[in-house]
Structures are given as structure tokens and as C-alpha cells.
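Biologist: I'd like to learn how to read a model with protein chains and DNA in it. Could you walk me through one?

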There are 2 protein chains.
Amino acid sequence: MAKSARRGPYFCGIDAAMDVVAGKWKPLILWELNNYGTRRFAELRRGLPGVSEKMLIQHLREMEEDGLVHREVYRQVPPKVEYSLTEQGVSLNTALSSLGKWGTERMRRMGAEKVPAAVDEPVG
Amino acid sequence: MAKSARRGPYFCGIDAAMDVVAGKWKPLILWELNNYGTRRFAELRRGLPGVSEKMLIQHLREMEEDGLVHREVYRQVPPKVEYSLTEQGVSLNTALSSLGKWGTERMRRMGAEKVPAAVDEPVG
DNA sequence: TCGGGTACCCACTCTCAGGTAAGTACGTCT
DNA sequence: AGACGTACTTACCTGAGAGTGGGTACCCGA
């Protein structure tokens, strides 16, 4: 695994939270799972344009270790795995929402463009 | 300079905000400046145990470019430079506070320790 | 039989954030 | 004279995060 997380010591709460959301796709995964409630691996991959399978798996595993996402495996012939947010994951997403608003505001201020985004783009 | 920021395109607001707070010490700098209102370079260096001068300067410059901090230079014989948060910086800090609370909560849940954080002694 | 779908694992490569250590110019303290 | 303080700048190096491209085991439709 990458480095199995540091889990402190931290300078402050923000440091601790950042440790958990650090990763190119983690906030997006959080967002995606929060919007859809539950998503399969391939659905997530399609929902995050540009993510590689390796990074997606790696991030999902780390977030599972961190207690943010729940992984439900169905023993079926075509494999089926469903990912969803735990309570902690949901609360983290809530905590991130104000940051998201700030970012959106900032994007408008500076006229930054948004990435094209796939069919099922987040509501924001 | 490092890479002079990406400034989009972003997937969403969180992405845009993360682009700006990404950096090992940026949240701490924000925190420090918010707490003290205005700080000199050396004060910041002492306030962030472990930061190197290079990274501190680099982060401060990027945050200045991003419109988060204001840099006031006094033409004096012993140089004096004061850093403070702009309105955007203050609002970002506010937006980060909920994330900070979440992180603090998480630290308590998992009993993670906090870094010693002495004001001017390296402890090591 | 071939291609496509599921959900991964593994080895290799590479970029860049961050760390280390030195130098600059000027002044005060000891 | 030399150490220490201010606020930086510059060059070099390392390591982890991320990307690339392959393989696995199974099944389904054409």
C-alpha cells in the first residue's frame, strides 16, 4: 500500500482532516458517493473522468481504512462491489461543503472554467 | 517557481479550494495569520515548527498570488515584512473551520496525538 | 472464438513537492 | 572580530504520489 496513512501526530484538526482528503480524487469520490448514495467500482471510474483504476482502488482502500467508505462485496459470478459513505464519510462531506462553496465563489470571481465533466455531473 | 498554480479547470468548488490550500503548511499559515492578524516572516517561521525557510517563502508567495495574503514591506535597515490575510483569506479560513472541527473530532475519536507545538523550541 | 464486461493486482516509470544547505546584504550585540 | 538577527535566493537531492500498461479469473453475447 501507499504508506498506510500517517494518522498523526497532527498540528491541528485541519491537518488531520487534510491527511484524510489528501489525494487527487478523494474529494471527488466523497462527492460522488454522497450524491449517489452507493456506487459500483466501474460507475465511479466513469464518474471521475481521467482517473486511473490503480488510483481509484488505492484511494478507495485508503478511505476504507480511514473509516470513510464502506465496501460491500457480493459474491457473484460477474463481480459486484458497492461503495458507500459511512457516517464519518457523510459528516466529512458536510464539513467540506463550506469549502466547496468558497471554491465555487472563487471560481466565479476569477472566471475559472470548469472541466467538461461527464454525463452525470455533480449538481454543484 | 514551483508551477505557478494551475487555476483550473476544476471539477468543482472543492477542487478549486483544494488547489489553493494544497501545500504542507498553507492551512497552518492561514491559521497563524488568522490568529495573530499580522505576522512577520520570522514569527511565522517560529510559529510553524519544522517549516523550512524555502517552503515558507514559497507558500507565502503562492498565497499572495492567489490573493489570500497581503504582503507589506517596510523599507528599513533591518528588513521588516508583515504578512496578513486578505478578505479572501479570512473567508477561506472560515470555510476551513468546519473541516477543522471535523478533524479535531476525528482526532479525539481515534486518540491521535497532537504535535507538541511549542512556540519557539524545537523539542527535538 | 473473439471481444467485451466485472473488479481488481502488479511492476515499471516519472514528475514534482518538499527538504537540506549554502549564500546575500545589512545591522546590532558581545 | 565574529556571532546573531532580519528576509530572503539559489542549487541540489530524495521520496512518495500519480500515470502507464500489462495480467488475472470468470461470464455473456455475437
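Predicted model: local features only at pLDDT ≥ 70, side-chain atom pairs only at ≥ 80, totals over all residues.

Biologist: Which element supplies the largest share of the surface near DNA strand D?

Modeller: That's H4(B), with 3 residues. Altogether, 19 residues surround DNA strand D, and among the closest are Lys24(A) and Arg40(B). Ala42(B), Pro79(B) and Val81(B) belong to the closest group too.

Biologist: How do the residues of that surface divide into nonpolar, polar and charged?

Modeller: There are 10 nonpolar, 2 polar and 7 charged residues near DNA strand D.

Biologist: Now the protein chains. How many residues of chain A are in contact with chain B?

Modeller: Here, contact means C-beta atoms within 7 Å. By that rule, 34 residues of chain A touch 34 residues of chain B. On the chain A side, the elements giving two or more residues are helix H1 (13-21), helix H2 (26-36) and helix H5 (87-110). H5(A) gives the most, with 13 residues. By class, that side has 20 nonpolar, 8 polar and 6 charged residues.

Biologist: What rotation superposes chain A on chain B?

Modeller: A rotation of 180° does it, with 0.0 Å of shift along its axis and an RMSD of 0.0 Å. That's the relation of a two-fold axis. Both copies use the same surface, since 94% of the contact residues of chain A recur in chain B.

Definitions and conventions: Residues numbered from 1 in each chain as written. Chains lettered and ligands numbered in written order. Contact = placed C-beta atoms within 7 Å. Helix = DSSP H or I, 4+ residues; strand = E, 2+ residues; numbered from the N terminus. Nonpolar A, V, L, I, M, F, W, Y, C, P; charged D, E, K, R; others polar. Near = placed C-beta within 6 Å. Least-squares fit on C-alpha atoms with pLDDT ≥ 70 in both.
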